Amino acid sequence: MHSDLEKILFTPEQIQARVHELGEKISADYAGKEIVTVGILKGAIVFFADLIREIKIPVKFDFMAASSYGITTKTSGTVRILKDIDTDIENKHVIIVEDIIDSGLTLKYLKNNFEHRKAASVKLCAMLNKPEGRRTDLTGDYIGFDVPDEFIVGYGLDYASRYRNLPYIGVLKKSVYA
């Protein structure tokens with residue numbers, strides 16, 4: 001798997017330091033409140049697990065599976081809910097936790113969906129932000145790192161269900177997916 005990467009963008013140490021900072025920021029911003037974090041499967045699971053351990057206030061969590069991709073490297077533009085949350089979020093402070101904000105279509109759809117469910121607030125937390133890929137006006141509230149407009153894998157991010165278990169984040173060689 002390692003030889004399929006063009007370069008490493010963020011080491012495990014850089015990732016863990018940034019996740020710690022995000023956990024501290026969320027804890028400070030929601031001091032005295034309880035939050036519901038919603039991890040977006042499958043890509044966010046590694047980041048989600050690390051992040052919730054860094055949040056030092058009461059936190060409930062749930063999971064949702066949604067996608068606008070499939071097995072390609074480009075979004076289809078259509079968001080599909082594959083698994084909904086089980087938690088009632090009405091009047092709750094919700095933080096949606098995602099691996100990467102790319103086109104923004106999935107997260108914009110989910111944010112609007114949760115607002116229609118009458119959440120007290122809805123914020124977005126993503127390990128990675130790819131501004132050049134954006135197809136909406138969506139911005140994240142808690143962002144780990146900005147990344148270039150390249151195909152990123154590792155630390156939960158995949159290509160064709162591979163590379164999620166890499167402990168770092170890197171750029172996949174074009175020869176692997178072209």
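Where does Ser 161 lie?

1. Ser 161 lies in the loop between E8 and E9; helices (H or I, at least four residues) and strands (E, at least two) are DSSP runs, numbered from the N terminus. The phi angle of Ser 161 is near 65°, a positive value in a residue other than glycine. With 57% relative accessibility, Ser 161 counts as exposed. Here buried means under 20% relative accessible area, exposed over 50%, and partly exposed in between (1.4 Å probe, protein chains only).

2. On the basis of these notes: this is a predicted model, in which local features need pLDDT of at least 70 and side-chain atom pairs count only at pLDDT 80 or more, while totals for chains, interfaces and linings use all residues. Residues are numbered from 1 along each chain as its sequence is written, and side-chain values use heavy atoms, with hydrogens and water left out.

3. Lys 118 has a phi near 70°, also a positive value in a residue other than glycine. Lys 118 sits in the loop between helix H3 (105-116) and E6, and at 54% relative accessibility it counts as exposed.

4. The largest nonpolar core has 27 residues. A nonpolar core is a set of buried Ala, Val, Leu, Ile, Met, Phe, Trp, Tyr and Cys residues joined through side-chain atoms within 4.5 Å. Ile 26, Phe 47, Leu 51, Cys 125, Met 127, Leu 128 and Ile 169 touch the most other members. At least two residues of this core come from each of helix H1 (12-29), helix H2 (45-54), strand E5 (93-101), strand E6 (121-129), strand E7 (142-146) and strand E9 (169-172). Apart from it lies another core, of 19 residues, including Ala 66, Ile 96, Ala 119 and Leu 124.

5. Beyond its neighbours within four places in sequence, Met 127 is in contact with residues that include Ile 15, Val 19, Phe 47, Phe 145, Tyr 155 and Ile 169. Contact means heavy atoms within 4.5 Å.

6. In H1, the buried residues are Ile 15, Val 19, Leu 22, Gly 23, Ile 26 and Ser 27. They cover an arc of only 130° around the axis, which puts them on the same side of H1; the arc is that of the directions from the helix axis to the C-beta atoms. On the other side of H1, Glu 13 and Ala 28 are exposed.

7. Phe 47, Phe 48, Asp 50, Leu 51 and Ile 52 are buried in H2. The buried residues of H2 pack against H1, strand E2 (35-41), strand E3 (59-67), E5 and E6.

8. A cis peptide bond, with omega about 0°, joins Leu 41 and Lys 42. Leu 41 belongs to strand E2, whereas Lys 42 is found in the loop between E2 and H2. Leu 41 is partly exposed, with a relative accessible area of 30%.

9. An open sheet of three strands has the order E1-E9-E8, with antiparallel pairing; two strands pair if DSSP finds at least two bridges between them. Strand E1 (5-10) and strand E8 (152-153) stand at the edges, each with a single partner strand, so one side of each has no neighbour in the sheet. E8 is joined to E9 by two bridges, and Val 153 has Gly 170 in E9 as its bridge partner.
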